[in-house]
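Welcome! Please take a look at the sequence and the 3D structure below, and then we will walk through some of the features together.

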Amino acid sequence: MKKIIKSLLASSILLSFGTLGETSLITNIKGYSVNDGKLTRFSAMTFKGDRIDRLFVQGEPLPEEADIKHIDGHGQTMLPGLIDAHGHVLGYGLSLMRAQLRGAESELEAVERVRLFRAENPELSWIQGRGWNQVLWPNKRFPTASSLDKQFPDTPVWLRRIDGHAGWANTAAMKLANIGAETQSPKGGEIVRDANGLPTGVFIDNAMDLITENIPSLTRSEQRSVLLTSMNALAKQGLTSVHDAGVGSMTLEVYRSLADSDQMPIRVYAMVSAADEKFESLMEQGPYKHSSDKLSISSVKISSDGALGSRGAALIEDYSDLPGHKGLLLYSDKKLTATMKLAMDSGFQVNTHAIGDNANKLVLDNYETLIKQTGTRELRHRVEHAQVLRLDDIPRFAKLNVIASMQATHATSDKNMAEARLGSERIKGAYAWRKVLESGAIIAAGSDFPIESANPFYGLHASTTRQDHQNLPEGGWYSKEKMTLTEALKSFTRDAAFAAHQEKLIGQLKPGMKADFILIDSDIFNINPEGLWQTKVNQTWVDGQRVY
């Protein structure tokens with residue numbers, strides 16, 4: 001009993017310390033927050049230490065105590081710190097240090113970008129990059145090793161597709177991996193071959209491991225540097241919290257070290273990777289939360305299928321543009337069920353990647369059975385992406401208390417190929433935000449960075465317009481699925497916080513909540529929605545401290 005009382009006293013002291021500190025008053029702002037489901041407007045705010053104290057509307061008397069620190073907002077717009085519910089922090093940091101292929105309009109342009117990158121980084125033993133998308137190319141065909149071999153006959157090259165579910169290797173990389181005509185595709189993966197049965201250089205989903213296991217792993221010190229680079233870059237985008245989707249055991253250790261040394265500029269809700277070799281041991285250890293509220297490790301990430309662009313998403317019927325092909329399931333039924341159950345039994349929220357309608361149905365079927373078996377309805381399990389849904393499966397989210405973790409910019413990026421892949425009927429259940437919301441489910445918004453840009457204003461723009469940055473198509477792609485700006489902001493704030501069991505801590509600007517907020521250059525509720533993506537972040541604050 002004495003130990004319990006001592007622990008409670010220590011917790012009380014920590015809580016008091018967290019709310020102590022000088023009071024700051026920020027005025028001359030246009031403040032917006034979706035509080036308790038309604039858009040709240042305010043013109044000034046006080047925060048004491050790391051907690052919000054009070055909001056003030058225009059004309060309301062402001063405190064005049066002499067010891068209050070005054071901050072002039074200079075007419076800027078204030079929003080709650082934005083939360084990305086699905087990204088890859090280490091991958092984003094690495095993408096800042098690798099060849100950038102996003103937007104390349106041909107295979108030759110992609111190769112030329114890699115050549116220029118190599119010229120600036122001659123010391124690298126492996127050349128890596130990310131972002132190619134054959135859908136944007138004139139022939140819309142996968143690239144080949146031969147185009148890379150002309151520039152890189154001896155240095156291994158590995159380039160991930162924009163969705164991260166396919167990779168492009170040159171012959172030097174395939175030789176290091178001992179890949180030849182006789183190499184078999186692993187379960188849940190595909191080695192793309194030419195008419196003679198020879199590997200072309202493209203590897204899909206689990207087949208990518210054949211190449212990547214030959215690339216030297218990052219050391220702890222290197223991971224620490226990359227994570228810091230990434231988190232600081234994310235803070236500049238206006239993100240005060242991110243859900244890191246699929247984190248390995250070493251990276252988790254590095255995160256804990258950063259939290260212990262008070263070096264995390266933003267909050268991270270880490271999902272343990274079910275593919276990690278120490279997964280079972282991590283489940284035995286149980287969920288973890290750092291006393292600073294900067295790091296939580298209480299969920300797992302499982303990938304059930306691949307992506308639509310590489311035709312790895314698992315569909316019930318054949319791809320409309322590739323008869324005889326239904327995509328890839330990355331787990332056997334038995335293994336998927338066992339992995340989910342282990343995580344649930346260990347007290348972890350289960351967040352399962354599912355893009356194709358078959359993968360989504362299988363995941364929801366498992367949730368329906370396992371939530372009842374394990375009594376974990378209140379853990380708010382999630383489907384990551386929930387991209388292509390049977391119309392009959394949409395109501396199951398609310399029924400099962402399962403959250404749809406969706407990324408708006410996937411729709412505006414995929415609009416050029418999605419209907420070709422799915423046909424005119426299946427597309428009705430794809431990227432179906434309005435249908436999901438009207439079913440009573442919660443959407444936690446994100447970007448899936450570095451697959452898409454980490455800029456959350458790109459997501460707010462896509463959510464409300466269903467258009468790309470050229471304002472196409474006119475009126476929006478399947479415009480009936482649009483969200484209102486209030487709904488979109490809620491999905492990037494309160495509902496993303498709810499998806500991490502943090503809705504009483506962050507996601508809203510109101511008394512008692514953490515002082516996580518951003519100041520931006522435009523009043524987003526009084527501009528043309530088509531310009532939302534151009535919003536600039538001027539300041540980012542976490543725990544009442546300016547981090548950007």
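## The largest cavity

Let us start inside the protein. Met 406, Gln 407, Ala 408, Trp 433, Ile 443, Ala 445, Ser 463, Met 483 and Ser 491 line the largest cavity. Here a cavity is a set of points on a 1 Å grid over the protein atoms alone where a 1.4 Å probe fits but cannot get out, and lining residues have an atom within 4 Å of a point. The volume of this cavity is about 40 Å³, a volume being the space filled by probe spheres set on the points, with grid points joined across faces, edges and corners.

Strand 21 (403-407) and strand 22 (443-446) each give at least two residues to this lining. Strands (E, at least two residues) and helices (H or I, at least four) are DSSP runs, numbered from the N terminus. The lining has six nonpolar residues, three polar and no charged; Ala, Val, Leu, Ile, Met, Phe, Trp, Tyr, Cys and Pro count as nonpolar, Asp, Glu, Lys and Arg as charged, and the others, Gly among them, as polar.

Residues are numbered from 1 along each chain as its sequence is written, and side-chain values use heavy atoms, leaving out hydrogens and water.

The mean pLDDT (the predictor's confidence in each residue, from 0 to 100) is 94, with 96% of residues at 70 or more. Over residues 1-19, pLDDT stays under 50. Where pLDDT is low, the predicted coordinates should not be read in detail.

Now find the open sheet of six strands, with the order 9-10-11-12-14-13 and mixed pairing. Two strands pair if DSSP finds at least two bridges between them. Strand 9 (99-100) and strand 13 (189-193) are the edge strands, each pairing on one side only. Strand 9 runs parallel to strand 10 (residues 127-132), joined by two bridges, and Ala 99 stands opposite Gly 129.

Helix 3 (residues 107-120) packs on the sheet and touches strands including strand 11 (157-161) and strand 12 (166-169), where contact means heavy atoms within 4.5 Å.

## Two cis prolines

Which residues does a cis peptide bond with omega about -5° join? They are Leu 472 and Pro 473, and Pro 473 lies in the loop between helix 16 and helix 17 (485-491). The bond from Phe 449 to Pro 450 is also cis, with omega near 5°. Pro 450 sits in the loop between strand 22 and helix 16 (456-465).

Terms used:
Predicted model: local features only at pLDDT ≥ 70, side-chain atom pairs only at ≥ 80, totals over all residues. 1 Å grid on protein atoms, 1.4 Å probe; cavity = no way out; pocket = protein on both sides within 12 Å on 5 of 7 lines; lining within 4 Å. Axes fitted to C-alpha atoms, helices over the stretch in contact; angles between N-to-C directions.
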